[in-house]
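Take a walk through this model with the coordinates open beside you.

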Amino acid sequence: MNYNKKTVKDIDVAGKKVLLRCDFNVPQDKTTGAITDDKRIRAALPTIQYLLDQNAAVIACSHLGKPVATFDSYVKKQAEKGKDPASITEEEWKKSLAKLSLAPVAKRLSELLGKEVIMAADVVGPDAQAKAAALKPGQIMLLENTRFEKGETKNDPALAKAMASMAEVYVSDAFGAVHRAHASTAGVADYLPAVSGFLIQKELEIIGGALANPKRPLVAILGGSKVSSKIGVINNLLEIADTIIIGGGMTYTFLKAQGGSVGKSLLEEDWLDYCNDMMKKAKEKGVKLLLPEDTVCAKEFSADAEPITVDSMNIPDDCMGMDIGPKAIAAYADAVKDAGTVIWNGPMGVFEFPAFAAGTKAVAEALSKSSAITIIGGGDSAAAVQQLGYADKMTHISTGGGASLEFMEGKELPGVACLLDA
Ligand code: ADP
Ligand code: MG
């Protein structure tokens with residue numbers, strides 16, 4: 001995939017109507033609906049401000065949550081959950097949609113911008129069309145949740161065309177959604193000149209740069225819960241990296257494949273052969289693949305379980321691996337010390353429990369001290385780095401969990417591929 005894409009700065013937006021796809025998929029309080037974290041809204045501000053400064057008329061859009069776009073599918077979904085279909089009313093469905101309105105986002109965005117944000121009552125309906133037509137340069141409006149339209153997730157060309165018809169230029173800044181080929185993330189680019197905003201530009205520059213032309217040695221640290229969810233990443237990084245460090249829940253499938261005893265640890269029996277193949281492939285390619293020499297385990301999966309450090313190949317039958325041990329920490333810190341680039345995806349242990357966060361914390365600290373380009377991808381890894389207080393010490397923390405994972409897998413990202421090449 002070509003990561004070299006045109007940005008808002010490469011296209012004339014002055015006085016033009018710009019359809020801007022943002023990632024306003026913010027977390028909300030379940031009962032009150034209040035936005036509990038506005039990070040994603042704030043992340044969109046530089047591109048929005050640039051467009052407004054350029055005197056563009058900004059038609060922003062985003063999805064929020066997973067609304068069910070038609071009453072029929074709502075009834076089906078509820079019936080699957082065990083509800084009596086006859087008892088489900090259209091009113092109840094409409095209420096479920098209202099909970100996922102972007103109106104609270106418009107309000108917060110307006111506070112952050114210090115300027116009115118005109119809220120449309122629909123996505124491509126009469127209200128959106130009228131408000132978009134009347135929108136003046138320097139003004140901003142927000143369309144309703146794009147997933148209120150059933151064509152959004154199906155990438156329906158009719159919906160994409162209708163969205164595009166309101167604007168003259170398409171700017172995508174929703175990195176968190178670029179791995180999805182939806183009408184508002186990819187389809188619209190068939191009908192408008194399409195460029196990236198600053199958020200996507202940064203992701204492409206840094207992650208794309210590290211994958212295509214890394215400053216070496218490139219060290220990949222891979223952890224998290226499962227081998228099966230990281231196969232693509234391991235496969236792709238084996239082709240690129242000089243060293244691969246394994247930690248987290250996927251460790252035990254590797255250890256078992258190597259003849260170790262893993263007790264009650266997370267284990268994916270179906271992937272044992274795969275792990276051995278990866279070890280072999282690494283050897284053939286001259287890639288160093290490191291497994292933890294020691295493991296911190298526990299008798300039960302709980303925050304107050306007693307941490308027991310053991311040799312990784314001999315985890316007792318009544319124990320499960322929860323974190324990498326002190327020897328592994330020292331070896332891993334040493335492996336990143338002279339790295340040119342470090343890509344990190346997946347925590348080293350159950351960092352949510354303080355007693356088992358040492359491995360993840362130590363790796364974060366080693367990265368914070370290293371002069372390497374440090375890139376964090378993956379939702380939980382980003383959360384861990386933030387929670388442990390190392391966020392501002394990293395070169396880049398990706399804003400897209402699933403998107404960064406697919407990026408590291410070397411997959412084509414539809415929301416990037418559809419943009420104009422630079
Ligand atoms: P990311 O979102 O960064 O891609 P994952 O979703 O793959 O990361 O994995 C994160 C989860 O893995 C965390 O919730 C963490 O508790 C869990 N995890 C890490 N190590 C272990 C382990 N040894 N046993 C069970 N779960 C683990
Ligand atoms: Mg995750």
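**Around the ligand**

In this predicted model, ligand 1 is surrounded by 19 residues. The closest are Lys230, Gly321, Glu352, Asp380 and Ser381.

Now look at backbone contacts. Glycine 249 places a polar backbone atom 3.2 Å from a nitrogen atom of ligand 1. Glycine 321 does likewise, with a polar backbone atom 3.1 Å from a nitrogen atom of the ligand. Glycine 379 meets an oxygen atom of ligand 1: a backbone N or O atom of this glycine lies 3.3 Å from that oxygen.

**A buried charge**

Which side chain of opposite charge is nearest to aspartate 294? It is lysine 327, 5.3 Å away. A salt bridge needs a side-chain nitrogen within 4 Å of a carboxyl oxygen. Aspartate 294 has no salt bridge, yet it is buried.

What does aspartate 294 touch, leaving aside residues up to four places away in sequence? Its contacts are Thr309, Val310, Ser312, Ile324, Gly325, Pro326, Lys327 and Ala328.

**The cysteines**

How many disulfides does a search of the whole structure find? The count is 0. Cysteine 297 is in no disulfide, and its nearest cysteine sulfur, that of cysteine 319, is 4.0 Å away. A pair must come within 2.5 Å to count as a disulfide. Cysteine 297 is buried, at 0% relative accessible area.

Cysteine 418 is in no disulfide either. The nearest sulfur of another cysteine belongs to cysteine 61, 12 Å away.

**Backbone in the loops**

Proline 217 lies between helix 7 (198-212) and strand 7 (218-222).

Asparagine 55 is in the loop between helix 1 (39-53) and strand 2 (57-61). Its phi is positive, about 70°, although the residue is not a glycine. Is asparagine 55 buried, exposed or partly exposed? At 39% relative accessibility, asparagine 55 is partly exposed.

Asparagine 155 belongs to the loop between strand 4 (140-142) and helix 6 (157-164). Here too phi is positive in a residue other than glycine, with a value near 50°. Asparagine 155 has a relative accessible area of 25%, and counts as partly exposed.

Terms used:
Residues numbered from 1 in each chain as written. Chains lettered and ligands numbered in written order. Predicted model: local features only at pLDDT ≥ 70, side-chain atom pairs only at ≥ 80, totals over all residues. Heavy atoms only, no water. Buried < 20%, exposed > 50% of the residue type's maximum accessible area, 1.4 Å probe, protein only. Lys, Arg positive; Asp, Glu negative; His and termini not counted. Contact = heavy atoms within 4.5 Å. Near = heavy atom within 4 Å. Polar contact = N/O pair within 3.5 Å; in protein donor to acceptor, adjacent residues only side chain to side chain. Helix = DSSP H or I, 4+ residues; strand = E, 2+ residues; numbered from the N terminus.
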